[in-house]
Amino acid sequence: MSVILVFLLAVVIVVFAWLVRQGLFSKPWLEVGVAGGVPIVEPSAPKAARVGLAVFLVVVGSLFALTVSAYLMRAGLGDWRPVRLPGILYVNTFTLLVSSLALETARTGARRGDFDSVRTGLIAGGFTALLFLVGQLVAWRQLNEEGYYLASNPANAFFYLVTALHGVHVAGGLVALGRVTGRMLRGAGVAALRTGVGLCATYWHALLLIWLVLLGLLTSWIGDFILICRQLLS
Amino acid sequence: MVDLTHGGDGHAAGHAGELELYHPTSWVTKYVFSQDAKVIAIQYGTTAMAIGLVALVLSWLMRIQLAYPGALPFIDADRYYQFITMHGMIMVVYLLTAVFLGGFGNYLIPLMLGARDMMFPYLNMLSYWIYLLAVLVLAAGFFVPGGPTGAGWTLYPPQAILANTPGQQWGIIIMLVSLMLFIIGFTMGGLNYVVTVLQGRTKGMTLMRMPLTVWGIFTATVMALLAFPALFVGAVMMLFDRLFGTSFFMPSIIAMGEPLDTAGGSPILFQHLFWFFGHPEVYIVALPAFGIVSDLISTHARKNIFGYRMMVWAIVIIGALSFVVWAHHMYVSGMNPGFGFFFATTTLIIAVPTALKVYNWVLTLWRGDIHFTVPMLFALGFIVTFVNGGLTGLFLGNVVVDVPLSDTMFVVAHFHMVMGVAPILVIFGAIYHWYPKMTGRMLNDAMGKIHFWVTFLGAYAVFFPMHYLGLLGVPRRYFESGDISFVPPSAHTLNEFMTIAALIVGAAQMLFLFNLVWSLRHGKPSGGNPWGATTLEWQTPETPPPHGNWGAERPVVYRWAYDYSVPGMAKDFLAQNDPGPGAAAAAPVGEGAR
């Protein structure tokens with residue numbers, strides 16, 4: 001469970017730093033007046049949506065940190081036989097990277113007011129993300145053909161679980177991306193798309209990061225890394 | 001998946017600085033598929049109470065079986081385990097969590113912060129409907145072949161999915177799916193509560209001016225958002241084990257003389273995941289209760305809360321600490337005994353901020369102008385009960401004391417006091433307190449007082465003797481105790497006494513439900529602020545507040561939430577949006593934030 005505790009520690013540090021800036025040490029009973037010493041944010045939909053996405057990503061982070069914790073805990077037991085990863089996973093990783101970059105292009109395009117790069121970015125991003133999902137399914141198929149069945153070993157079960165959880169999040173992101181793209185196709189201007197495109201790009205980067213961590217886990221690079229850290233500490 | 005792009009539409013339509021509210025056009029969008037947080041709150045509350053009634057009846061049935069074994073012929077051992085499981089799961093997740101966060105969270109957060117609604121109303125509506133679906137799926141468990149799962153509310157594998165556990169065919173699948181739905185729905189609601197606190201506060205409402213109710217609900221929501229994924233992951237993995245024959249949690253087992261195909265799973269892994277959710281869950285229920293009680297006590301004792309800053313810090317610290325105590329539920333699970341020492345220590349440390357809160361409530365009461373209104377009675381009842389339950393928690397938190405008490409009625413008595421009776425007293429108190437705002441009418445006082453005394457004394461009559469039974473060694477989860485030599489006959493007499501008390505307490509809740517309905521029509525009109533409270537929800541221009549809450553302009557906050565009995569003032573309270581007598585010229589009241 002150390003992974004989730006490290007994750008939570010990071011969350012606690014960020015929250016605490018933020019709380020301190022919000023006047024956690026003020027004495028509200030002595031302060032009468034409008035400001036109260038701390039600037040108040042005016043609510044705005046784009047800002048709220050960005051904060052909402054950030055909070056949601058923390059929840060997603062918690063979900064995956066817990067999965068990784070469970071994975072490492074289980075992998076520590078004797079009978080763990082790691083999966084031989086199919087090569088297509090690396091191709092998929094590259095596809096997801098391209099997808100993320102495409103959406104980043106769309107975001108910078110939206111900031112500049114450049115409709116063409118928004119359109120190219122959105123369509124390329126959506127297409128490559130779909131390709132990533134198809135690629136993951138192909139990877140499952142290959143594993144099955146090689147005899148790495150879901151139920152035959154805990155390592156296999158974890159492989160399917162981890163990739164499925166990540167895939168579901170990508171698919172959910174595609175729904176949101178589809179909505180933004182739909183708005184674009186119905187003729188929405190760059191200004192109206194800016195928030196949605198920005199949110200999608202952030203979400204994509206987060207999923208890419210999570211995927212890289214998961215890939216490190218599945219290839220047991222992370223396991224080796226933790227082992228080295230432990231040896232250094234002891 | 002949560003679609004956050006939705007919020008973008010409102011801004012594009014114009015109205016810089018002000019969120020676009022949706023405007024219901026028909027009865028259905030106003031009261032059924034409503035996006036108004038107040039309606040959603042009442043939907044959450046009524047749904048939770050409805051399923052809570054099922055849990056109440058189940059507890060009656062269990063009590064009858066314990067006191068008069070065989071009196072109800074349809075209760076056999078399998079049924080009894082199914083009742084235990086469903087009672088526990090409904091109360092902890094579908095009632096307490098849903099009422100505090102979905103119910104009071106939705107109703108109070110926007111009103112107390114001076115917001116017009118939650119930040120993502122559509123998501124909020126979706127959250128309720130998914131919750132309702134989760135409740136319906138859960139209730140469907142009673143009607144599937146084999147009935148609901150009888151694995152105990154902790155759903156420990158391997159027995160939860162082994163062939164001879166009741167509900168193994170359908171019940172366990174239904175339970176896991178329902179929990180996953182609940183978590184998805186809650187995440188949608190939870191995002192709303194957090195973002196509304198972060199972004200939706202009106203002008204002048206700094207974090208340190210928020211009422212403690214909002215602090216409690218806010219912190220509990222953050223905790224729930226971080227903790228529920230653990231249950232989600234555990235549920236997905238167990239579902240894989242049950243449906244696809246994987247071995248996440250299933251070790252090599254010989255069941256009924258036959259070896260099963262499973263091998264290599266780790267049951268302890270599930271316990272870690274479950275309690276990583278399960279312990280914060282205690283505080284997810286307790287922190288909103290702490291917050292609400294602080295506000296009830298301050299209002300009905302006409303005195304500012306003692307040590308507001310400490311109270312806020314304590315809430316935050318309890319929230320953080322509750323994530324590092326989970327394994328104190330696992331002292332006898334066979335985990336590394338070295339962990340026990342660590343978790344016992346963290347468990348005892350968490351008692352410090354908790355005790356601090358209790359002292360502060362008592363010090364708030366000291367030399368206050370105490371009004372024994374029904375909400376106040378419930379708040380006082382909570383403090384006493386929480387202290388009782390908390391003290392037995394110190395017993396159980398110590399490994400050496402816990403080991404002999406594990407799996408006895410002592411544990412049952414402890415958690416019922418601390419997270420059953422205590423938070424429910426707060427829910428009642430809060431309903432009596434805020435019902436006038438929700439309906440414009442007071443609840444009947446006489447019925448309220450009868451309800452309080454029967455519930456309070458009755459709950460003690462049920463759970464105090466249970467500690468004694470636990471010390472005698474009476475085991476929990478037993479369908480029938482039979483002739484165990486160390487259990488004296490007096491224990492059986494005591495069991496009958498507890499059962500009669502439980503039946504009476506349950507009946508008193510019917511009086512409460514009757515009061516809720518009767519007062520809708522016949523209650524005394526309450527006016528906008530019957531308790532003379534300072535917080536913003538009592539200062540709305542209309543009662544009950546209409547869609548949008550605040551009329552033309554949102555209120556401006558000039559002070560903290562606890563200016564009661566301020567020396568030299570004509571009134572005994574100053575509302576949060578009251579600029580005060582001296583400041584009237586400097587800051588005209590009409591100057592509203594948008």
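## Chain A as a whole

Select chain A: of its contacts with a separation of 6 or more, 78% are between residues 24 or more positions apart, where a contact means that two C-beta atoms, placed from the backbone, lie within 7 Å. This is a predicted model, in which local features need pLDDT of at least 70, side-chain atom pairs count only at pLDDT 80 or more, and totals for chains, interfaces and linings use all residues. Residues are numbered from 1 along each chain as its sequence is written, while chains are lettered from A and ligands numbered from 1 in the order in which they are written.

Colour chain A by secondary structure. It has 7 helices and 0 strands, and from the N terminus on its elements run α-α-α-α-α-α-α. Helices (H or I, at least four residues) and strands (E, at least two) are DSSP runs, numbered from the N terminus. Taken along the principal axes, the C-alpha atoms of chain A fill a box of roughly 70 × 50 × 30 Å. Of the 234 residues in chain A, 40% are buried. A residue is buried if 20 or more other C-beta atoms, placed from the backbone, lie within 10 Å of its own, exposed if 12 or fewer, and partly exposed in between.

## Helix H3 of chain A

Next, select residues 88-112 of chain A, which form helix H3. This helix has 25 residues and reaches 36 Å from its first C-alpha to its last, close to the 36 Å expected at 1.5 Å a residue; the expected span is 1.5 Å times one less than the number of residues. Among the buried residues of H3(A) are Asn92(A), Leu96(A), Ser99(A), Leu103(A), Ala106(A), Arg107(A) and Ala110(A). An α-helix has 3.6 residues a turn, so residues three or four places apart point the same way. To see what covers the buried residues of H3(A), display helix H4 (115-145) and helix H6 (190-218) of chain A, which are included in that cover. Just after H3(A), Gly113(A) takes a positive phi of about 85°.

## The contact between the chains

Show both chains. The contact takes 61 residues from chain B and 55 residues from chain A. On the side of chain B that touches chain A, helix H1 (8-12), helix H6 (171-199), helix H7 (212-244), helix H8 (267-300) and helix H9 (308-321) each supply at least two residues. H7(B) gives the most to that side, with 10 residues. By class, this side of chain B has 36 nonpolar, 20 polar and 5 charged residues. Here Ala, Val, Leu, Ile, Met, Phe, Trp, Tyr, Cys and Pro count as nonpolar, Asp, Glu, Lys and Arg as charged, and the others, Gly among them, as polar.

Now centre on Gly264(B), in the loop between strand E2 (258-259) and H8 of chain B. Is this residue buried or exposed? Gly264(B) is buried, because 20 other C-beta atoms lie within 10 Å. Leaving aside residues up to four places away in sequence, Gly264(B) touches Asp79(A), Pro154(A), Ser247(B) and Pro251(B).

## The largest nonpolar core

A nonpolar core is a set of buried Ala, Val, Leu, Ile, Met, Phe, Trp, Tyr and Cys residues joined through C-beta atoms within 7 Å. Select Cys200(A), Val214(B), Ala289(B), Val293(B), Phe378(B), Ala422(B) and Val426(B): of the 240 residues in the largest core, these touch the most other members. Helix H4 (residues 77-113) of chain B contributes the largest share of this core, 24 residues.

## Backbone features of chain B

Most residues other than glycine have a negative phi, and most peptide bonds are trans. Go to Pro158(B), in the loop between helix H5 (121-140) and H6 of chain B; the peptide bond from Pro157(B) to Pro158(B) is cis, with omega near 0°. Another cis peptide bond joins Thr543(B) and Pro544(B), with omega about -10°. Pro544(B) lies in the segment after helix H15 (489-522) of chain B.

Select Arg367(B), in the loop between helix H10 (337-365) and helix H11 (374-397) of chain B. Arg367(B) has a positive phi of about 60° although it is not a glycine, and it counts as exposed, with 9 C-beta neighbours inside 10 Å. Finish at Arg477(B), in the loop between helix H14 (445-472) and H15 of chain B. Its phi is positive, near 70°, and Arg477(B) is exposed, with 11 other C-beta atoms within 10 Å.
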